[in-house]
Amino acid sequence: MPSHKVTCPLCEAMCGVHVTVSDGHVQGIRANPDDVWSRGHICPKGVSLGHLHEDPDRLRQPMVRRPDGTHVAVSWDDALAETERVLRPVLDTDGAGALSVYVGNPVAHNSHLATYIGALIGFAEAAGMKGYYSPGTVDQWPLNVVSTLLFGGMWNGPIPDLYRTDHLVILGANPAASQGSMLSAPDIMGLLTGVAQRGRVVVVDPRRTPTAQRASEWVPIQPGTDALLLFAILRTLAENGWVRHPEHLRGKVAGLDEIIAMAEPFVPEKVAVTTGIDARTIRRLAADLAQAENPVLYSRIGTCTQEFGTLATWLVFVINTALGVLDRPGGSVFPKPAVWAPMFAKPPDQDGSGWQFGRYRSRVRRAPEVLNSFPVGCLAEEIDTPGEGRLRALITVAGNPAVSAPGAGRLSAALGRLDALIAVDNWLNETTRHAHVILPGSSPLELPHFDDLYWMYSVASCIKYSEPVFEPEPQRPPEWELLLRLGGAMFGTPVPEVDTAALDDLYVGGMVATMSAIPGNPLTGRDAGQVMPALAGKGPERLMDLGIRVGPWGDQLGDRPGGLTLSEVRQHPDGLRLAELEGGRLETSVTTPSGKVELLHDHLISDIPRLLSRMERGTPELVLISRRHLRSNNSWLHNVPALMKGRDRCTLLIHPVDAARVGLESGAMANVATSEGAVTVAAEVTDEVKPGVVSLPHGWGHGLDGTQLTTANRHPGINNNLLNPTDVIDVPSNTHAINGIPCHVSPA
């Protein structure tokens with residue numbers, strides 16, 4: 001049977017697999033041992049690609065909502081005409097300011113969407129749209145904010161050198177489930193085992209996650225207090241003379257001494273009361289870091305999505321700098337991606353003296369924009385609050401905000417009030433059931449796959465391209481053309497009449513011209529009229545070719561004969577491994593106005609008084625945190641039968657002490673209430689969570705009327721975002737806190 005070599009697109013691990021096909025159907029999926037990157041690693045999600053492709057619920061035709069609320073399949077011509085019919089009155093009367101775009105996480109894993117989502121947003125913003133929405137504000141936005149300020153770009157940050165570090169402290173990350181987040185590595189748990197064998201792996205988390213279970217030490221912490229712990233560690237390093245000033249950082253870092261002075265109030269004994277970590281342990285954690293040869297700290301989603309997520313993320317990089325391991329082998333190093341993408345460059349409206357936030361504000365709560373985005377919790381109020389500027393139209397792209405956004409109850413109701421909801425999506429789910437038009441794309445196996453963003457966070461410099469396993473139906477327009485068509489409609493052209501080929505040339509040519517005028521990127525000073533004819537293909541292929549050719553191993557558009565092009569990369573189905581991690585990349589990686597790592601910013605330090613006041617507040621009796629599972633990918637994979645086998649995973653984890661106090665036993669139904677709402681869910685009594693903490697997984701809440709998700713609806717679970725409020729915000733990044741939410745639990 002024919003076997004195709006493919007890169008799994010479902011997470012940041014980017015594993016290579018063999019897909020065996022017979023009679024037009026997937027017969028099996030197994031790891032590719034020859035893949036230069038993953039070398040035979042695969043996780044349970046990877047084998048689900050065949051199920052995703054053959055899922056009978058996956059939409060193959062566009063769907064249009066009838067007046068009675070039901071959806072019916074229509075032709076592509078009819079779907080585009082209906083898109084024009086519902087969208088045009090909004091644009092003609094209120095303009096693009098009455099429209100927004102929601103960008104889902106799957107966009108980053110789909111080369112068609114990833115390369116052209118910028119076209120849709122860019123054209124909409126040029127027409128008057130103010131800000132877009134994404135799961136970034138319940139995900140990684142603090143990391144993006146810190147990266148822009150410290151290193152010069154929102155996707156520009158160092159990662160732990162897992163091949164050489166001997167002391168790794170992990171905060172709020174669970175690689176055993178995520179397979180790595182903003183840290184791309186094959187078999188990351190195997191790499192962590194190697195770290196533990198060389199030294200120690202310490203996990204700081206309110207829950208004893210599968211990662212913590214395999215670590216050298218688990219340090220339970222009160223949710224939302226990581227920044228207090230990190231400031232206390234920094235203070236302890238300083239008071240003991242453990243701050244290092246290595247030669248390789250001399251003159252290349254600004255602000256460290258000032259931040260160390262700001263750590264003075266965070267005495268371990270004071271911090272211990274709030275964090276739940278005793279002062280002796282805090283001092284030992286600092287001493288262990290100082291005494292290790294190659295220590296490094298790493299934090300992720302659990303640290304970002306809390307009340308002080310930006311300060312906690314910032315302090316991880318500050319401490320790595322204080323330990324002297326920034327840009328040093330074995331420490332916190334900058335990867336060298338083989339592919340350049342426009343998103344790696346500073347936008348023209350953020351150039352000059354540095355990045356600016358709060359350039360405009362949301363209509364209802366006056367939330368400032370951060371990185372062109374508003375908190376996703378603002379979306380419902382922008383739709384359902386009457387008045388001038390009300391959002392009347394929304395385009396969702398591979399996203400399910402009815403499940404993934406805080407305040408989900410209000411948002412789900414608000415989506416039904418839109419004059420136009422256009423969804424580019426493959427399923428009739430909790431969000432798209434409200435859509436006037438659903439425009440389906442291809443399955444992962446009908447698309448070529450080519451990663452760019454995740455090589456920015458990878459433990460080696462590699463490059464891979466996957467050919468599609470199956471050809472999509474010939475009448476189905478590719479997703480990148482759908483985005484261009486919707487973007488082109490912003491300027492008055494009817495949706496069915498948009499010339500996507502001409503708009504593609506305008507988009508790519510305009511991007512090249514814009515980048516040419518911005519210093520410090522591979523296109524600086526190049527003539528768009530000469531660049532465009534040199535590129536191969538059209539659409540995503542043309543942008544892939546550009547990214548490879550101006551990358552560090554590329555042919556520089558003909559200036560470096562023998563360098564890489566897309567055509568050459570396609571000749572290597574197992575990929576190309578080009579270099580390993582190394583230090584000494586600070587000067588080429590950091591693009592701040594000063595050229596230094598700028599640790600000190602008013603935007604960050606202005607939030608320290610709020611953090612200090614946290615030590616004066618009491619700790620709630622119970623707080624709620626989120627969690628994820630290896631077999632889940634937010635809400636994506638709950639319709640895959642093979643991944644839904646086994647025991648119920650959507651349960652409320654509660655510590656035995658708390659369960660006894662409130663009168664709960666495992667399997668009993670519990671009422672969980674917050675300021676936002678209440679749900680009833682099965683309890684699971686376990687010491688996996690620390691006392692005072694309960695946990696619900698995210699991505700659930702299926703079984704709603706109007707959805708077409710056969711397997712997911714048999715296992716509906718509970719939507720934890722019915723409990724997460726929209727007004728608990730990490731101020732510097734506009735990120736919603738979904739960890740550390742006060743709650744009340746009682747028997748149902």
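This report describes the overall build of a predicted protein model and then turns to one residue, Asp 452.

## Overall build

The secondary structure comes to 26 helices and 28 strands. The radius of gyration is 25 Å, close to the 27 Å that the globule rule gives for 748 residues, so the protein is as compact as a globular protein of that length. Along its principal axes, the C-alpha trace spans about 70 × 65 × 60 Å.

Contacts reach across the sequence. Take those between residues at least 6 apart: 73% of them join residues at least 24 apart.

## Burial and surface

Of the 748 residues, 64% count as buried. The protein exposes about 25,600 Å². Carbon and sulfur atoms supply 51% of that area.

## Charge

The protein carries 63 positive side chains and 80 negative ones.

## A closer look at Asp 452

Asp 452 sits in a loop. Strand β16 (437-439) and strand β17 (460-463) are the elements that this loop lies between.

The Asp 452 residue is buried, yet it has no salt bridge. A salt bridge needs a side-chain nitrogen of Lys or Arg within 4 Å of a carboxyl oxygen. For Asp 452, the nearest side chain of opposite charge is Lys 464, and it is 14 Å away.

What does Asp 452 touch, not counting residues up to four places away in sequence? Its contacts are Val 339, Ala 341, Met 343 and Phe 344.

How values were computed: Residues are numbered from 1 along each chain as its sequence is written. Side-chain values use heavy atoms; hydrogens and water are left out. Helices (H or I, at least four residues) and strands (E, at least two) are DSSP runs, numbered from the N terminus. Buried means under 20% relative accessible area, exposed over 50%, partly exposed in between (1.4 Å probe, protein chains only). Lys and Arg count as positive and Asp and Glu as negative; His and the chain ends are not counted. Contact means heavy atoms within 4.5 Å. The radius of gyration is taken over C-alpha atoms; the globule rule is 2.2 Å times the number of residues to the power 0.38. Accessible areas come from the Shrake-Rupley method with a 1.4 Å probe; for residues, only the protein chains shown count as cover. The place of a charge is taken as NZ of Lys, CZ of Arg, CG of Asp or CD of Glu.
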